[in-house]
Amino acid sequence: MYTASDLRKGLKVIIDEEPYIVTAFEFSKPGKGQALYRTKLRNMITGLTIDRTYREGDTFEPASLEERAMQFLYKEGGHYHFMDNETFEQIIINEESLGDAKNYLIENLNVEVLLFRDRAIGVELPNFVNLRVIKTETWVRGDTSKADFKPATLESGYVLRVPPFIEEGELITIDTRTGEFSKRVKE
Amino acid sequence: MAKNWPLARRKKALQQRASILQEIRQFFIEKGYLEVETPHRIPTPAPEFHIDAIPSGPWFLHTSPELCMKRLMASGYEKIFQICRCWRERERGSQHLPEFTLLEWYRTGGDYHSLMEECEGLIRFVARAIGLGQKIIFRDREIDLSKPWQEISVKEAFRFYTKISITEALEQNLFDEIMVQEIEPNLGVEIPTFIYDYPAERGALARLKQEDPSVAERFELYIGGLELANGFSELVDSEEQRRRFHLENENRQSSGKSIYSMPDKFLAELDNMPPSAGIALGVDRLAMVFWDAKTIDEVVAFTPEEL
């Protein structure tokens, strides 16, 4: 059991039977008054953020999440199908629960699926992933009129901004925390 | 080992902090105050519902020098000040450190209103002496120290800034939340502001107002929404003080907190204390205002996490 004074960024707690992660936290205590813990919490299933203020003495049940190694198989409508690497059992996660992770899923990719009370609620990605550019405009050397970045479509369908020297068919590294181009991969 | 850059970068802020401390001393010496030092480690803190002391062996680190300084006042010391470290358990945030520096001063012959005036004089004096002038920038706003400072009662603040009355807020245990979320951000944003006359239960060691005993003669100073000081006309009736300490302890007990033993020596001497007023000012917070710091971490050499 956690108490309000354990609250900090990244702590996972259960509120109304659902797992939440603390995304922002501020301690305040007006003169001679009680300690208040103002938080922003993200629902780990729906992705929605709520503001809550807790007081000294409030308690929380920790949200314990299980991670299981799985492989992404395919997407059908808004449903993403995964297979457990050990049991070969197949599960479905819907698009809303995946959040930004859906931008990086390509067939046969190995990921850690997060389970809350045996229900799959999302996937844990590495901080950096490598994906191939399948579509982008060709850069004309010496053309300075163009911006520093141009759009590129990745094999997962994700569109992001890349430097002008990146060409179709190249493999690039993306920072999954920001969704931004990180570097070109030398093959 | 590489140089500790965060610490090296804080040098200018720490130099200003040192000047602030020197000028505070200068101000009180010029006004005829005696600087005192009382023990940091004491047998029992003043029982207050929301203030928790850190144990030190069978004793405690003081949460403020209040009890010892009042014993000095009760023994004929008429104007005293102290700058010292204080400790409060589990208080850590962008404006809180569990170990912090407090300036506390007491004087006879005067009530909380005369202390507001003196506090105003002190902060103007320090600002000028450290070369800041009378207009300072804090939290993206220009704050004019030279204009007369604003005074607003807690009752008025509730009327201006919230939809709920004080009575309702107290009944629903929302008083602190409303103070923090709706009132504090409006206080002292153009000129420093004193908010005064707190509900009686929010001033365990303060005198009640004669004309209206539902409030205590207590005030807080805010600059740019940041709480800097807490002062009051002192309660000098030992029987009443003992009753209030018991009440605070009952509240502590019913919320599962440890209770503190009665500070008997303080209570035995309290009746000798002449009518006085006293105030505590957070020195780290004052350094934050003058440095335009976003967090308290910027104005101390080390935070607990850096040790």
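Me: Before we start, when do two residues count as being in contact?
Reply: They're in contact if their C-beta atoms, placed from the backbone, lie within 7 Å. Also, this is a predicted model, where local features need pLDDT of at least 70, side-chain atom pairs count only at pLDDT 80 or more, and totals for chains, interfaces and linings use all residues. Residues are numbered from 1 along each chain as its sequence is written, while chains are lettered from A and ligands numbered from 1 in the order in which they are written.

Me: OK, what domains is chain A divided into?
Reply: Domain 1 (2-62), domain 2 (66-124) and domain 3 (128-184). Those bounds come from an automatic or database domain assignment.

Me: And how many residues of domain 2 of chain A are in contact with domain 3 of chain A?
Reply: Five, and they meet eight residues of domain 3 of chain A. On the domain 2 side, three are nonpolar, one is polar and one is charged. Here Ala, Val, Leu, Ile, Met, Phe, Trp, Tyr, Cys and Pro count as nonpolar, Asp, Glu, Lys and Arg as charged, and the others, Gly among them, as polar. The centres of these two domains, taken over C-alpha atoms, are 26 Å apart.

Me: Switching to chain B, how many residues of chain A are in contact with it?
Reply: 14 residues of chain A, touching 19 residues of chain B. The largest share of the chain A side, three residues, comes from β3(A). That side divides into four nonpolar, seven polar and three charged residues.

Me: What does β3 of chain A pair with?
Reply: β3 (residues 18-28) pairs with β4 (residues 36-43) of chain A, antiparallel, over eight bridges. Strands (E, at least two residues) are DSSP runs, numbered from the N terminus, and two of them pair if DSSP finds at least two bridges between them. One spot to look at is Ser28(A), opposite Leu36(A) in β4(A).

Me: Then what joins β4(A) to β5 of chain A?
Reply: Seven bridges, with β5 (residues 49-55) running antiparallel to β4(A). Leu41(A) has Ile50(A) as its bridge partner in β5(A). The two strands form a hairpin with five residues between them, and Gly47(A) in the turn has a positive phi of about 80°.

Me: What's the strand order in the open sheet of chain B?
Reply: β2-β4-β3, three strands with antiparallel pairing. β2 (41-42) and β3 (55-56) of chain B stand at the edges with a single partner strand each, so one side of each has no neighbour in the sheet.

Me: Which residue stands opposite Ile42(B)?
Reply: Phe60(B), in β4(B).

How values were computed:
Helices (H or I, at least four residues) and strands (E, at least two) are DSSP runs, numbered from the N terminus.
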